[in-house]
Amino acid sequence: MAKTYNIAQVGGDGTGPEVLAEGIKVIGEVQKKYGFKLNYTKYDFGAERYLKTGETLPDSAIEEFRKQDAIYLGAIGHPDVKPGILELGILLKARFKLDQYINLRPVKLFPNVETPLKDKKPEDIDFVVIRENSGGIYTGIGGATMVGTQNEIATQVMTYSRPIVDRCMKYAYDLTRKRNKKKMLTLVHKSNVLTHCGDLWVRAHKEMGDRDYKDIKQDYNHVDATTMWFVKQPEYYDVIVTENLFGDIITDLAAIIQGGLGVAAGGNLNPEGVSMFEPMGGSAPKYTGKNVINPIAAIMAGGMMLDSLGEEKAGQAVEKAVVAALTTGKIKSMAAGRMGMGTREVGDLITSFIK
Ligand code: IPM
Ligand code: MN
């Protein structure tokens with residue numbers, strides 16, 4: 001019997017369900033070819049459910065997610081819901097409760113995809129950012145007092161423990177070795193100012209590298225300088241490892257140099273547990289139901305999901321089909337409404353290259 005994987009399908013808000021449908025379409029073809037099956041369970045978490053019931057992501061859902069092999073997420077966010085509620089209540093809750101401590105963001109410029117960087121070609125933009133996804137300022141440690149008065153005080157603290165840094169670092173070194181390109185792991189931080197947290201990351205990077213990864217070149221960039229190098233010389237990078245907030249910021253910059261949110265995909269990984277895959281773009285409410293949104297990011301996220309399930313060849317097949325579809329030149333732009341074809345047609349074109 002074909003191997004079966006259980007997937008939680010969370011379409012979410014706005015265009016989320018539409019782009020996810022295209023990912024599922026492409027995977028449907030891939031699974032036939034590679035002899036496995038994905039068994040989806042649909043969940044309706046998102047703005048609509050929240051507005052109706054006040055519920056974001058109940059603990060019972062986390063328990064159900066634990067029994068799945070992966071989570072495939074469309075997008076979360078709605079103009080009628082105050083910013084922060086769904087982000088914290090759904091996305092960050094899943095990341096923290098399922099201990100998805102790696103946020104993996106491949107940054108690759110595909111053929112015929114426009115980058116805002118002058119003179120940069122696909123061979124110049126091909127690196128991976130590993131963002132620590134469970135700690136730092138995102139843990140929300142801190143508080144506020146005298147709120148609303150002249151002397152209001154607020155704190156939100158960047159916290160890291162050595163084990164949390166080490167497990168992220170190990171993943172990063174292993175991936176750098178597996179990628180087998182420049183074999184260089186760049187730590188991005190701000191050690192010239194954040195002398196406590198920065199120093200912890202710098203020592204973790206050096207000590208683990210010196211001890212277990214002598215074949216990997218150790219490299220360090222300050223986060224502010226990194227934003228300049230992304231624009232000036234992205235070809236410098238191979239694998240980047242960084243803390244949570246810095247990773248959040250630099251991966252938006254990275255997404256735009258690879259062609260924008262229509263193509264950028266990410267994985268929230270618990271290498272020992274259940275991981276969650278998502279396109280980086282938001283729910284794009286104004287495009288909902290119009291068949292104009294770009295599904296490539298969601299399709300690529302699906303490919304990453306197959307890879308993490310151990311179906312590496314199938315994951316590569318998804319990427320190859322995306323590249324083949326882009327190479328035809330038929331998809332005119334990565335921007336919603338300007339692709340020269342619809343969401344479903346892009347999905348069909350990519351699927352045709354799996355066969
Ligand atoms: C991301 C997003 C999230 C984050 C938000 C929506 C909570 O920006 O996945 O990068 O900050 O991590
Ligand atoms: Mn972000």
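Colleague: On what basis are the residues selected and numbered?

Modeller: In this predicted model, local features need pLDDT of at least 70 and side-chain atom pairs count only at pLDDT 80 or more, while totals for chains, interfaces and linings use all residues. Side-chain values use heavy atoms, with hydrogens and water left out, and residues are numbered from 1 along each chain as its sequence is written.

Colleague: Which element supplies the largest share of the lining of the largest cavity?

Modeller: On a 1 Å grid over the protein atoms alone, a cavity is a set of points where a 1.4 Å probe fits but cannot get out, a pocket is an open set with protein on both sides within 12 Å along at least five of seven lines, and lining residues have an atom within 4 Å of a point. The count comes to 1 cavity of 30 Å³ or more, with a volume of about 50 Å³, a volume being the space filled by probe spheres set on points joined across faces, edges and corners. Its lining divides into 9 nonpolar, no polar and no charged residues (Ala, Val, Leu, Ile, Met, Phe, Trp, Tyr, Cys and Pro count as nonpolar, Asp, Glu, Lys and Arg as charged, and the others, Gly among them, as polar). Helices (H or I, at least four residues) and strands (E, at least two) are DSSP runs numbered from the N terminus; β3 (70–75) and α4 (85–97) each supply at least two lining residues, and the largest share, 3 residues, comes from α4.

Colleague: How are the rings of Phe-45 and Phe-65 arranged?

Modeller: Rings of Phe, Tyr and Trp (its six-membered ring) pair if their centres lie within 6.5 Å; planes under 30 degrees apart count as stacked, over 60 as edge-to-face and the rest as tilted. Phe-45, at 4% relative accessibility, counts as buried (under 20% relative accessible area; exposed is over 50%, partly exposed in between, with a 1.4 Å probe and protein chains only), and Phe-65 is likewise buried at 2%. The centres of Phe-45 and Phe-65 are 6.3 Å apart and their planes stand at 80 degrees, so the pair is edge-to-face.

Colleague: Over which ring does the charged end of Arg-167 sit?

Modeller: A charge sits over a ring if NZ of Lys or CZ of Arg is within 6 Å of the ring centre and within 35 degrees of the ring normal. Arg-131 lies over the face of Tyr-138, at 5.1 Å from the ring centre. For Arg-167 the distance to the ring centre is 4.0 Å, and the ring is that of Tyr-101.

Colleague: Which element gives the most to the lining of the second largest pocket?

Modeller: This pocket has a volume of about 460 Å³, and its lining draws at least three residues from each of domain 1 and domain 2. β3, α4, α8 (244–257) and β12 each supply at least two lining residues. The most, 5 residues, come from α4.

Conventions:
Chains are lettered from A and ligands numbered from 1 in the order in which they are written. Domain bounds come from an automatic or database domain assignment.
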